[in-house]
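This short report looks at salt bridges. Have the sequence and the structure at hand.

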Amino acid sequence: MAAAAALARSTGSIHRLSTTPNNNYNYNTFSSTRHRYPPCWLSMNGCGGGSARSGKEVGFSETRTLASVSAPELAVPQLKLAVSALEADPPQSASGIIRLQVPIRQRVDALEWLQGQVHYQSLPRCFFSSRGQNLASTNFRLASNGRGLLSTVKDDIDHDAHDAEELVSVAGIGSAVFFQGFNPFALHDWQSIRRFLSKDCPLIRAYGAMRFDARTIVAPEWKNFGSFYFIIPQVEFDQLQDSSVLALTIAWDNNLIRTWQKAIDELKSTVQQISSCFGRLRKLDARTTITNFQHFPSKGSWDISVKRALDIITNGREPELVKVVLARCSKYVTDTTTDPLALLANLKKVESENAYQFYIQPPDAPAFIGNTPEQLFHRKCFHVTSEALAGTRARGVNKAEDLQIGQDLLYSPKDNIEFSVVRDSIRRKLENICDEVIIEPNKALRKLPRVQHLSAQLSGRLRDEDNEFDILTSLHPSPAVCGLPTEDARLFIKENEMFDRGMYAGPVGWFGGRESEFAVGIRSALVGKGLSTLVYAGAGIVKGTNPSSEWEELDLKASQVLSVCAHTRAYIVINSPFQFYIALLVQILFICFSCPFQFTKLFQYQEPMVCSQEIKSTRTAN
């Protein structure tokens with residue numbers, strides 16, 4: 001109790017709550033059969049009804065930090081003590097959220113911690129790591145206020161870099177509160193999430209994703225995600241630059257079915273299962289064999305769709321399309337179950353440079369994982385940033401070839417049209433919510449481990465600090481993943497694509513009290529509990545597009561996931577003459593990427609992330 005009395009406190013804000021749904025899911029096959037969502041039981045989660053729809057903050061919000069420990073296994077007893085103290089002295093509020101956290105004086109990999117939590121297989125799980133290994137470049141200062149609190153350093157306060165640490169990645173299990181809906185994400189849904197978030201509790205965040213298009217019918221493989229799915233983790237492990245934090249979060253709202261007593265009883269049960277063991281980053285099973293694969297659409301159907309789009313774009317037919325992004329879903333069947341965390345760990349090891357890693361898995365559902373280079377937006381106080389990303393080429397074998405390929409992309413008329421459409425659209429959307437928008441660089445090359453893109457960085461000052469909903473709904477879907485005009489492109493995709501995108505190409509990220517960040521869910525896969533993995537890739541169609549070239553671009557983008565699976569030295573069943581050539585490509589990828597040295601030698605030349613700036617910055621003001 002003495003330690004409990006020493007807990008530091010800070011005020012904050014709150015949101016809606018509920019129990020976790022438990023839907024049985026069998027993911028051994030991919031089906032094109034679609035169905036509509038069942039009715040949403042609003043009383044079962046943080047979205048809908050009463051105080052949540054009003055946007056009224058929860059009555060009590062607080063972060064309590066216990067004394068730091070030298071090793072992760074010492075943090076669990078501290079948390080158990082804190083839970084006992086909470087039960088003995090509950091807050092006198094009908095609704096609230098409390099985060100209990102223990103700083104750990106050593107850096108531990110958050111993904112390794114998540115792999116070690118084997119007792120939580122039936123609970124929702126998540127993992128987020130930002131580009132450059134710094135989660136939204138958010139700085140936290142340990143013990144900066146004399147009470148051991150982790151506090152965000154405000155933009156307008158100078159701080160000593162030696163006293164601050166940056167949040168690298170976050171792993172979460174369970175949900176103190178989750179937010180799920182079955183209609184398009186609306187203002188009242190965002191208000192429901194914001195109820196639980198506070199500037200004074202910056203590490204209480206809601207992590208999750210949204211469907212690319214919530215107005216389409218959901219396919220069976222995506223049914224447990226809803227149109228959006230966010231969780232504030234019940235158990236969370238934060239990896240910082242030089243240290244770590246283990247935390248528990250409890251949330252309750254008597255106006256819903258989650259009373260304080262129910263919440264504390266569930267937290268007590270959960271804390272008993274926390275493992276202090278850490279699994280090494282597992283490799284994919286070397287015995288795994290890809291037994292079959294299938295593309296949706298096939299190459300022939302792809303050519304038809306692209307030519308149909310080009311006919312509208314080139315001939316000026318109604319609707320007046322300028323660009324449309326068409327995607328492909330590739331189903332790979334293996335003879336053993338693929339562990340999504342092992343796949344993510346391998347992606348993180350090989351492909352994480354300048355990319356976001358994410359992992360979202362609702363209860364008894366497949367896992368949505370990805371390694372995306374594209375930021376949708378980052379908001380901190382009044383400052384917002386976004387970026388345009390379009391046009392794709394492979395990396396060169398050597399410096400000279402890599403330079404030549406980059407220059408070809410930089411001055412390609414077709415790719416310049418595609419890129420300009422994306423950049424100018426994002427600029428116009430930011431101008432609607434910002435007083436001033438700056439583009440710098442205006443056009444440059446973004447070089448990733450295996451591909452390179454045209455890119456531009458955009459930033460602005462918001463008119464209103466608390467308008468993530470406006471930012472999100474303005475920027476998604478961008479022309480980079482949908483097209484232009486947006487609604488015409490969306491309808492073309494809906495009518496012509498042969499599969500459900502689900503959360504592929506949708507917003508993926510987190511809401512926080514002081515800042516929020518979302519990436520675009522591309523370079524992603526849906527990894528099931530059975531023997532199938534779905535890999536997604538897309539390509540922009542504009543005037544001058546060649547259908548076969550864009551199909552090859554899909555192969556290049558999908559190879560990011562295939563290269564990790566390539567450690568398996570798989571054999572593929574050939575079902576048609578066309579599959580022979582695809583199989584040959586996959587086998588070449590397997591050979592290239594099974595050895596890191598060959599991977600480096602044959603397929604990539606490394607350079608800085610952004611280079612070859614062509615045009616200087618652009619500034620606009622309203």
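## Salt bridges and burial

Lys414 is buried, with a relative accessible area of 14%. The model is predicted. Glu550 is buried too, at a relative accessible area of 5%. These two residues form a salt bridge, with 3.2 Å between the closest N and O atoms. The pair links distant parts of the chain. Lys414 sits in helix H10 (residues 413-431), and Glu550 in helix H13 (residues 547-565). They are 136 residues apart.

The pair also belongs to a wider arrangement. Lys323, Arg393, Lys414, Asp415, Glu418 and Glu550 are linked in a network of salt bridges.

Helix H13 holds another pair. Lys557 and Glu553 are four residues apart there, so about one helical turn separates them. Their side chains meet in a salt bridge, at 2.7 Å from N to O. Both residues are buried.

Arg501 and Glu497 form a further salt bridge. Arg501 has a relative accessible area of 4%. For Glu497 the relative accessible area is 12%. Buried means under 20%, so both Arg501 and Glu497 qualify.

| Lys414 | Glu550 | 3.2 Å |

Side chains of opposite charge can pair when their charged atoms come close. How many salt bridges does a search of the whole structure find? The search finds 31.

Key:
Residues numbered from 1 in each chain as written. Predicted model: local features only at pLDDT ≥ 70, side-chain atom pairs only at ≥ 80, totals over all residues. Heavy atoms only, no water. Salt bridge = Lys/Arg side-chain N within 4 Å of Asp/Glu carboxyl O. Helix = DSSP H or I, 4+ residues; strand = E, 2+ residues; numbered from the N terminus. Buried < 20%, exposed > 50% of the residue type's maximum accessible area, 1.4 Å probe, protein only.
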